[in-house]
Amino acid sequence: MPSLGADMEAGTLVEWLVKPGDSVHRGDVVAVVETQKGAIEIEIFEDGTVQDLLADLGHSLPVGAPLATILAAGEAPPERSGERPAAPPDPAPAEAVPPAPPPEPTPVETPAKSPAPPQASAAPPPADGKRISPAARRRAAELGVDVGAIKGSGPGGAILLADVAHAAPGQRPAEGGPMAQMRKAIAAAMTRSKATIPHFYLSETINVDPAIRFLDDRNAGVPPAGRVLLGAVLVRAATLAAQRVPAMNGHYVEGSGFVPSDTVNTGVAIALRGGGLVAPALIDAGAMDLDATMAGMRDLVTRARAGRLRGSEMTAGTITVSSLGDTGAEAMTGVIFPPQVALVGLGAPHLRPWVVDGRIAPRHVVTLTLSADHRVSDGRQAARYIAAFEELVQTPEEL
């Protein structure tokens with residue numbers, strides 16, 4: 001079970017997408033795990049062949065628990081242990097002796113070869129064929145909810161706990177419901193962050209009128225689905241500024257210190273419809289142009305709200321951008337997502353008096369607040385980052 005964030009302690013296996021004998025390649029999605037922040041698609045990081053599926057559907061497993069055995073090309077199967085082998089050991093030859101004491105019990109409780117993929121622990125699907133996670137099925141039974149009437153938001157339309165909670169008439173999320181669990185996970189991660197990371201903050205109010213005028217010209221005559229929004233310009237500027245100031249881009253690892261990243265994987269904070277927050281990453285955002293950044297952000301938002309994020313997107317972020325969008329407060333001071341070392345907080349654009357060539361004129365401005373880890377950087381490096389960000393926003397045609 002992979003760790004999908006500093007706040008994750010366990011996950012529930014919802015779906016296997018492979019079976020023993022299947023060939024898998026790096027980046028393939030092999031399973032779906034339900035966490036406190038929704039359903040996450042689990043990727044494989046090595047090429048090979050699936051030997052065994054060690055975990056059953058519906059089981060909650062701690063981070064680090066084995067899910068499957070993957071054999072590399074030419075690799076022999078490992079010796080069997082007490083880890084739920086796919087087949088029992090060969091029976092010992094019959095002894096032509098008087099009855100002996102019973103054998104020592106073994107931890108293996110599965111006497112026969114498991115089918116592939118294992119489905120024994122999952123309840124059968126409803127008559128209408130809808131897919132539903134075991135946890136959601138149990139909750140639906142408790143609340144008396146007809147799962148056939150629920151539209152699932154999980155992978156492939158699967159019904160998740162949050163879907164059941166929304167469908168329950170007159171029900172408010174239980175104290176231990178999915179939203180409460182997400183808030184608990186966020187609270188744990190942010191408390192740990194504030195307790196262990198020595199945050200410091202620098203702020204700057206930036207004129208974004210050049211970016212707004214650039215986008216007005218660029219989006220003229222373009223259908224809504226193809227337009228680039230100001231948020232993409234800000235994320236692109238944050239990404240390129242991180243390339244220029246590497247001290248803001250990477251992870252702080254206990255025992256090793258700061259580990260800078262060769263690529264910028266920009267996390268984008270996304271508010272979920274039912275409440276809560278996730279921050280999946282645009283992988284190698286530095287290699288994207290402005291159009292690709294906008295497309296990547298749209299894709300992350302869509303999949304985050306449908307419970308279709310990948311494990312790598314939840315763990316690979318090297319710097320995060322958290323924006324209030326077009327409306328909201330003028331400034332925001334954020335908390336760093338460990339093990340990252342910086343977070344860019346962006347307030348909503350506001351029209352303010354601005355001095356231009358010695359005269360006051362109305363301008364749209366955005367307040368940036370950089371939260372940084374004092375173990376890794378100081379005010380001078382943070383100021384360099386903010387200056388780079390401002391320069392990039394002032395010249396959006398170069399993004």
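Q: On what basis are the values given?
A: The model is predicted: local features need pLDDT of at least 70, side-chain atom pairs count only at pLDDT 80 or more, and totals for chains, interfaces and linings use all residues. Residues are numbered from 1 along each chain as its sequence is written, and side-chain values use heavy atoms, with hydrogens and water left out.

Q: What is the strand order of the open sheet of five strands?
A: Strands of a sheet pair through backbone hydrogen bonds, either parallel or antiparallel. Strands (E) are DSSP runs of at least two residues, numbered from the N terminus, and two of them pair if DSSP finds at least two bridges between them. Here the order is E6-E1-E3-E4-E15, with mixed pairing. Strands E6 (60–62) and E15 (309–310) stand at the edges with a single partner strand each, so one side of each has no neighbour in the sheet. Strands E3 (residues 29–35) and E4 (residues 38–43) run antiparallel and are joined by six bridges; Glu 34 stands opposite Ala 39 in E4.

Q: Is Glu 15 buried or exposed?
A: Buried means under 20% relative accessible area, exposed over 50%, and partly exposed in between (1.4 Å probe, protein chains only). Glu 15, in strand E1 (residues 10–16), has 18% and is therefore buried. Leu 57 is 42 residues away in sequence, yet its C-alpha is 6.4 Å from that of Glu 15.

Q: Which backbone oxygen does the side chain of Asn 265 reach?
A: Asn 265 lies in the loop between strands E10 (257–260) and E11 (266–268). The side chain of Asn 265 reaches the backbone oxygen of Ala 316 at 3.0 Å. At 8% relative accessibility, Asn 265 is buried.

Definitions and conventions
Helices (H or I, at least four residues) and strands (E, at least two) are DSSP runs, numbered from the N terminus. A polar contact is a pair of N or O atoms within 3.5 Å; within protein, one must be able to donate a hydrogen and the other to accept it, and residues adjacent in sequence count only if both atoms are side-chain atoms.
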